[in-house]
Amino acid sequence: MIRAFANPHRFMALSRWLAPACLCIGALLMVWSVWQGLWVVPQDDYQGGDIMRAMFVHVPSAWLAMASYMGLAATSLIWFIWRHELADMAAKSIAPLGAAYTAMCLATGSIWGKPTWGTWWLWDDARMMSVLVMFFLFLGYMALRAAMETRQKAARAGAILAMVGAVNVPLIKFSVDIWSSIHQDASVLRLDGPAMPPVYLTPLLIGGLAHMIFFAGLTMMLMRAEVWGRRGDVLIARKLSGS
Amino acid sequence: MAENAATMNEFLIKAVGLGAIRGERVLFSDLSVEAKAGEALVLRGANGAGKSTLLRMLGGLSRPDAGTVERPVRHHWIGHRNGLKPHETPRAHLTHWGRVWGSTADAIEIASHMGIERPFDVAGRLLSAGQKRRTAIARLLLADRPLWLLDEPFSALDTQGKALVTSLIDRHRASGGAVITALHGEAPFEASGEVQL
Amino acid sequence: MAENAATMNEFLIKAVGLGAIRGERVLFSDLSVEAKAGEALVLRGANGAGKSTLLRMLGGLSRPDAGTVERPVRHHWIGHRNGLKPHETPRAHLTHWGRVWGSTADAIEIASHMGIERPFDVAGRLLSAGQKRRTAIARLLLADRPLWLLDEPFSALDTQGKALVTSLIDRHRASGGAVITALHGEAPFEASGEVQL
Amino acid sequence: MRSPSPLRAAFRQALGEAWAGGAGVLLPIGFFAGAAMLVPFTVGSEASQLSSIGTGILWVALALASLVSMERVFQADLEDGVLELWAQEETPLFLVAAAKIIAHWLVSGLPLVLLTPPIGIALQVDAGALVPAMLAYGLGGLAFFLWGGVAGALAASVARGGLLISLLALPLFVPTAIFGALATIEGPGGPSLLFLSATTLFALSIAPFAASAALRLAVD
Amino acid sequence: MRSPSPLRAAFRQALGEAWAGGAGVLLPIGFFAGAAMLVPFTVGSEASQLSSIGTGILWVALALASLVSMERVFQADLEDGVLELWAQEETPLFLVAAAKIIAHWLVSGLPLVLLTPPIGIALQVDAGALVPAMLAYGLGGLAFFLWGGVAGALAASVARGGLLISLLALPLFVPTAIFGALATIEGPGGPSLLFLSATTLFALSIAPFAASAALRLAVD
Ligand code: HEM
Ligand SMILES: Nc1ncnc2c1ncn2[C@@H]1O[C@H](COP(=O)(O)OP(=O)(O)OP(=O)(O)O)[C@@H](O)[C@H]1O
Ligand SMILES: Nc1ncnc2c1ncn2[C@@H]1O[C@H](COP(=O)(O)OP(=O)(O)OP(=O)(O)O)[C@@H](O)[C@H]1O
Ligand SMILES: [Mg+2]
Ligand SMILES: [Mg+2]
């Protein structure tokens with residue numbers, strides 16, 4: 001898989017149809033899960049009435065936010081070890097998307113929190129803090145890349161920060177278990193299997209899948225733009241190697 | 001003077017197919033450089049041609065955009081920047097790098113050889129331009145290293161200082177060392193080769 | 001070229017009885033310097049002798065420890081440091097000082113005259129040593145000022161750059177300006193006087 | 001001064017410098033937000049407690065962010081040789097110093113003021129009081145930048161003066177911080193806002209001269 | 001590495017530099033004390049309130065002082081050309097980076113720890129708890145310096161990276177600040193002290209490598 005993607009030509013050929021396909025399928029599934037969430041799924045009194053429908057945006061965006069950070073760290077590691085240019089392009093493309101998803105997780109969480117917990121934000125809640133920190137890491141990653149002189153340097157600096165910042169991912173995931181957090185414990189991604197009624201679980205899982213596919217499509221689109229942007233440099237590199 | 005006098009036909013540094021891109025410009029490409037014991041290469045080129053860039057690649061500071069550098073021996077580096085901190089006196093500078101390199105040389109003796117015994121305890125930021133340069137060059141005498149990479153070593157030096165550094169270079173070559181230096185104007189020593197950028 | 005061409009026997013700068021103490025050392029004392037239109041004074045002395053110190057007093061940067069400086073005209077300053085900020089491009093630098101001095105000169109023309117049109121939009125920290133120096137010297141062309149104070153203006157310049165600056169100096173003198181410059185080695189222009197430190 | 005154009009040029013240069021330094025305007029925001037963010041979870045966030053200290057915390061964060069912004073400005077000018085050039089100009093140096101400080105305040109200080117409401121809300125401060133408080137934060141921030149500039153100029157010629165600066169600046173910050181904190185509690189129309197304006201005016205009329213004297217010293 | 005003597009030399013140089021920079025050891029103290037001092041002015045000094053936030057404020061001041069201490073260290077080395085020299089040595093650069101960070105912590109960080117009891121008392125914190133808390137402040141401060149070093153190295157080659165640094169460092173500070181604040185509340189023997197030690201150990205094992213990679217980048 002990695003090998004197939006490591007070749008820019010193969011990547012371009014593959015993503016030419018895969019990216020739009022992902023965007024379409026992801027969008028369709030997303031529409032379905034939101035429709036399920038908003039109009040089909042029964043109201044749940046314990047989780048605060050109709051507001052619980054926010055779950056169908058909140059939880060997928062939370063998953064995607066964490067997944068995109070892990071993606072950022074992983075692509076950075078791959079780039080750092082093997083110097084596959086595509087891995088760097090992937091990292092560069094993931095960052096703004098991850099920041100957007102993290103912002104969405106924070107926003108929907110706050111909106112959900114106001115009626116259920118009676119507050120938009122709690123500063124000593126480990127879950128919220130660690131997600132906020134992740135948001136700042138994405139911002140810092142982008143600012144650092146932007147501040148660097150050349151693409152190579154941006155890639156190296158970004159990779160270092162992304163890998164160091166990976167400390168925060170387990171912190172986010174396990175924050176609810178380690179500290180007493182007001183945020184509810186994991187009920188889907190648990191070692192002993194999901195503890196959520198299937199009426200909610202199915203649209204939620206499909207929604208998560210939808211965002212995942214959509215995200216992959218977006219990432220590929222950004223990477224394609226990046227590859228086009230770098231074509232010019234390749235010409236210079238050819239000139240350089242004297243051929 | 002060189003610590004492990006290499007046999008005469010072995011290279012002390014060898015770079016093949018070097019290339020450098022800066023911005024949208026190709027500074028140089030497919031450049032090869034080799035220096036053997038006793039040789040002194042001079043890097044030539046107009047301002048901005050890429051001499052410092054090449055030297056940094058030879059010293060291992062910059063990653064070449066193309067090509068490879070082999071450097072089997074240790075080397076000394078004198079760049080555009082002297083490596084002297086604003087609060088550091090020449091004494092502190094030489095003592096420090098002497099310690100790093102396990103040098104047994106006497107810092108005071110080296111200083112008087114380099115003509116910096118008078119400002120020996122003056123902080124770097126108060127030194128004159130030439131005194132800073134002399135302090136940097138004094139590092140060459142702290143440890144025997146076969147290869148010297150010097151970026152405009154004569155800049156800021158007075159006439160006596162230039163003669164001094166020239167004699168250092170000659171002595172180093174005579175004892176089996178090699179020198180690669182970026183220079184403007186005429187070289188005050190006999191160059192064994194030039195690289196035009 | 002000089003903005004208010006002084007009559008030939010009026011001085012553009014006159015310093016009397018200058019003295020400088022640095023640390024426990026007297027760098028110089030009772031030194032007098034005078035420059036008239038068309039003259040080029042060269043400050044001479046070994047590294048650390050006090051040339052830069054003297055120039056800074058002449059330019060009004062340092063308070064003389066003794067003596068007085070009279071400078072009835074405006075002057076240009078090129079010090080050891082170029083005055084170029086790390087993020088500043090040559091274009092930004094020349095535009096900025098052009099604005100400060102109300103200059104009507106064309107920055108692009110000056111840049112091409114100084115051979116810095118290629119790195120005209122490259123940030124200062126990425127420029128080569130010589131390109132930085134050329135950018136600083138380009139300031140001389142932005143505004144007509146009768147007196148030039150130059151501290152080792154040729155440092156870091158290539159052969160062509162040195163010739164260029166020499167011709168600038170000659171032109172400036174021909175049009176009634178005066179130059180005081182600290183130099184090592186031979187002066188590439190005809191000096192009208194030397195001050196030995 | 002022959003015409004105001006040298007000053008306008010100094011101002012433009014400083015604006016460009018403030019933008020170009022790092023990734024520009026985003027960064028003091030980072031420091032400010034970060035400092036304000038560290039407080040709640042080290043202090044604990046029982047809402048009642050937070051809301052009562054929130055406006056004060058904003059003042060501390062503003063003071064420290066101003067300090068960090070102004071710390072290197074003049075030292076960098078000294079190291080690059082730019083100060084030598086300005087010191088030989090006919091334009092009075094105190095005007096140049098003032099132009100630089102105000103340009104830096106515009107780029108780095110004003111965004112902080114605009115940020116006080118959202119961060120204040122996050123710190124559970126009563127939202128209604130925050131918008132009128134922006135005037136106080138703006139006045140206070142300007143004073144912090146001015147005194148920070150003086151301290152930065154004084155420390156410029158000392159190697160790594162960054163920390164000396166805090167020692168010099170923080171005492172100068174205290175009057176502004178006191179009246180500022182009172183003014184945000186009293187709301188607009190209270191007497192403290194007047195005192196705050198007075199400290200800022202005082203800073204405006206003294207700091208440029210103090211800074212330029214310090215710069216002449218640094219360049220000597 | 002042929003012998004540990006290059007490392008000892010690096011350590012000594014960094015010690016000397018930390019002392020010589022500005023007026024030395026006095027200055028982070030000034031920043032630390034000043035930051036802690038502004039709080040009672042702006043927040044108000046009702047004893048009950050102050051005492052409940054005092055330990056947290058100390059954590060914030062410690063974090064910010066560490067940031068300010070480490071901010072310029074590597075950038076200054078880069079500008080002076082010292083980094084070029086170290087980058088060409090056989091001594092692994094990560095050891096040099098570690099030696100530098102630890103030396104700076106010894107000179108600038110440890111005094112802060114020794115200062116927490118008196119400043120804590122000034123902030124009306126229960127005196128009995130302050131001395132055992134010093135262990136937590138010491139561990140936490142070391143982690144702050146390490147991450148601050150990484151951020152400083154990353155931002156070193158950027159013009160005026162000082163503010164970028166805070167954006168990079170503060171997220172890295174958060175875990176340490178959380179566990180540290182909890183540890184000072186729990187007192188010794190609490191589980192948070194263990195977590196705090198873990199974050200510091202983690203920082204010790206990661207930060208030198210990250211910093212040295214960033215320095216190679218800066219020098220390129
Ligand atoms: C700004 C505040 C919030 C943040 C930053 C946040 C963050 C997160 C994160 C990161 C996850 C993924 C956890 C995992 O997969 O282990 C998550 C899941 C979840 N959140 Fe939130 N959340 C916030 C507010 C809320 C609120 C107010 C509620 C409802 C009362 C809520 C309900 C949920 C639920 C039900 C899940 C799914 C848990 C699971 O099945 O594992 N969240 N949230
Ligand atoms: N990011 C960049 N964009 C465009 N040009 C760049 C960039 N970085 C470096 N350069 C150019 O690369 C060249 C580097 O030259 P280098 O410092 O090696 O020159 P040099 O031969 O040592 O010159 P000098 O004799 O002046 O010291 C310069 O021409 C500089 O303008
Ligand atoms: N505080 C001080 N204590 C002792 N000596 C000092 C002090 N400050 C400056 N000096 C000395 O004053 C002299 C200043 O010299 P200056 O920079 O004017 O020399 P220069 O003639 O320009 O030399 P160069 O040719 O190297 O540029 C130096 O010798 C320096 O060591
Ligand atoms: Mg060069
Ligand atoms: Mg000089």
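How do the residues of the shell around ligand 3 divide into nonpolar, polar and charged? The shell holds seven nonpolar, 11 polar and four charged residues. In this division Ala, Val, Leu, Ile, Met, Phe, Trp, Tyr, Cys and Pro count as nonpolar, Asp, Glu, Lys and Arg as charged, and the others, Gly among them, as polar.

The model is predicted: local features need pLDDT of at least 70, side-chain atom pairs count only at pLDDT 80 or more, and totals for chains, interfaces and linings use all residues. Residues are numbered from 1 along each chain as its sequence is written, chains are lettered from A and ligands numbered from 1 in the order in which they are written, and side-chain values use heavy atoms, with hydrogens and water left out.

**The site of ligand 3**

Of the 22 residues around ligand 3, those that come nearest are B:Ser128, B:Gly130, C:Lys51, C:Ser52 and C:Thr53; a residue is near if one of its heavy atoms lies within 4 Å of the molecule. Because the surrounding residues come from chains B and C, the site is shared between chains.

| Residue | Atom of the residue | Distance to an oxygen atom of ligand 3 |
|---|---|---|
| B:Gln131 | side-chain N or O | 2.9 Å |
| C:Gly48 | backbone N or O | 2.8 Å |
| C:Gly50 | backbone N or O | 2.9 Å |

Taken alone, ligand 3 exposes 660 Å², of which the protein buries 87%; these accessible areas come from the Shrake-Rupley method with a 1.4 Å probe. Helix 4 (129-138) of chain B, together with strand 2 (25-36) and helix 1 of chain C, are the elements that give two or more residues to the shell. Helices (H or I, at least four residues) and strands (E, at least two) are DSSP runs, numbered from the N terminus.

**The magnesium ion**

C:Ser52 (OG) and C:His80 (NE2) coordinate the magnesium ion (ligand 5) at 1.9 to 2.3 Å. Donors are N, O and S atoms within 2.8 Å of the metal (3.2 Å for Na, K and Ca), and sites may look incomplete because water is not among the atoms. C:Ser52 lies in helix 1 (residues 51-59) of chain C and C:His80 in the loop between strand 5 (75-78) and helix 2 (90-100) of chain C, so the pair ties together parts that are 28 residues apart in sequence. C:Ser52 is partly exposed, with a relative accessible area of 22%, and C:His80 is partly exposed at 36%. Buried means under 20%, exposed over 50%, and partly exposed in between (1.4 Å probe, protein chains only).

**Chain D**

Chain D has nine helices and zero strands. Of its 220 residues, 67% count as buried.

Terms used: A polar contact is a pair of N or O atoms within 3.5 Å; within protein, one must be able to donate a hydrogen and the other to accept it, and residues adjacent in sequence count only if both atoms are side-chain atoms.
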